[in-house]
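Work through the exercises below with the sequence and the structure at hand. Each task is followed by a solution in steps.

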Amino acid sequence: MAKCFSFTASRDWCYRCSFSTAGLKSTTTDLGDGTVIHCWGPKTHRPNKPTLLLIHGIGANAMWQWNDFVSPLASKFNVYVPDLLFFGESYTTRPERSEAFQAESVMRAMEAMGVRGRMRVVGLSYGGFVAYSMAAQFPDAVERVVIGCAGVCLEEKDMEDGLFRVKSVDEAIGILLAQTPEKLRELMRLSFYKPVKNVPSCFLSDFIDVMCSENFQERKELIYALHKDRKLSDLPKITQTFGTQCTACVPSANPKLESNGNSCKVD
């Protein structure tokens, strides 16, 4: 018997209403090469306001990650919130899976939407890798970058050296792309400062069905691409003002990062 109500789908609808109320509209951009990027952006771009790009991490679509922030930020910025490829309504038929291709696709979508001038970019978790790549590839477009909870300095050997709680990429994927209520609870314990306890399994299963089942193979490939052959020596330099919440990324610990600031403040 098909279920008649989905808490996750109804919550997703509420987030859509919330984004619209904050002054954002949904836009889908076909980049013409098999790549489509969905993005929330201002209904009217105000030239007197700076542009702020918010990039989500692995998990649900962008609305679930940034809903609590768009309303207060929209009063000060032209806020753009894209779905990365294989999340929400964004996808590609091309084989590329690197964060560099994600960054390039987001940048092309911003240009297609007519966004001009320099922007501030905030990336959380997987989005931090994409944000860093944007700053490295497009230094003339990215003025400031904030990286939250993203170990952009990780190397492939770090997993082998036991620097993570998980022992392999496959084990990490099993948590990040949880397919059972038990794995989703584990993800919540690891990723939330104060995780909600005693969430019924039916709610977790519903979330998995709606948000974690589609594009599962492609999302796995994104994580594999992030880890494979990664070396700190290959990390490109960025010279933008940046903020970070990851101790592996502060300039004193990593000479690859050159900046004139180390603040998480976005203004």
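**Exercise 1.** Is R94 buried, partly exposed or exposed in this predicted model? Then find its salt-bridge partner and the network around the pair.

Solution. 
- Step 1. The relative accessibility of R94 is 25%. Buried means under 20% and exposed means over 50%, so a residue in between is partly exposed. R94 therefore counts as partly exposed.
- Step 2. The partner is E96: a salt bridge joins E96 and R94, with the closest N and O atoms 2.7 Å apart. E96 has a relative accessible area of 28% and is partly exposed.
- Step 3. The pair belongs to a network of salt bridges that links D33, R94, E96 and R108.
- Step 4. As background, side chains of opposite charge can pair when their charged atoms come close.

**Exercise 2.** How many salt bridges does the structure hold? Describe the one between R16 and E89, then the one between K183 and E186.

Solution. 
- Step 1. There are 11 salt bridges in the structure.
- Step 2. R16 and E89 meet through their side chains at 2.9 Å, N to O. This pair links distant parts of the chain: R16 is in helix α1 and E89 is in the loop between β4 and β5, 73 residues apart.
- Step 3. R16 is partly exposed at 30% relative accessibility, and E89 is partly exposed at 35%.
- Step 4. In the salt bridge of K183 and E186, the N to O distance is 3.6 Å. Both residues lie in helix α7 (residues 181-191), 3 residues apart, which is about one turn of the helix.
- Step 5. K183 is partly exposed at 32% relative accessible area, and E186 is partly exposed at 22%.

**Exercise 3.** Where does P82 lie, and which residues does P82 touch beyond four places away in sequence?

Solution. 
- Step 1. P82 lies in strand β4, residues 78-82.
- Step 2. Its relative accessible area is 1%, so P82 is buried.
- Step 3. Beyond its neighbours up to four places away in sequence, P82 touches H38, C39, L53, L54, H56, A62 and V106.

**Exercise 4.** Which residues make the nonpolar surface patch of about 310 Å²?

Solution. 
- Step 1. The patch is made by F5, F7 and F203.
- Step 2. F7 is in helix α1, residues 7-21.
- Step 3. The relative accessible area of F7 is 38%, so F7 is partly exposed.

Terms used:
Residues numbered from 1 in each chain as written. Predicted model: local features only at pLDDT ≥ 70, side-chain atom pairs only at ≥ 80, totals over all residues. Heavy atoms only, no water. Patch = residues over 30% accessible without salt bridge, like charges linked within 9 Å, V, L, I, M, F, W, Y side chains within 5 Å. Areas by Shrake-Rupley, 256 points an atom, 1.4 Å probe, with all protein chains shown as cover. Salt bridge = Lys/Arg side-chain N within 4 Å of Asp/Glu carboxyl O. Helix = DSSP H or I, 4+ residues; strand = E, 2+ residues; numbered from the N terminus. Buried < 20%, exposed > 50% of the residue type's maximum accessible area, 1.4 Å probe, protein only. Contact = heavy atoms within 4.5 Å.
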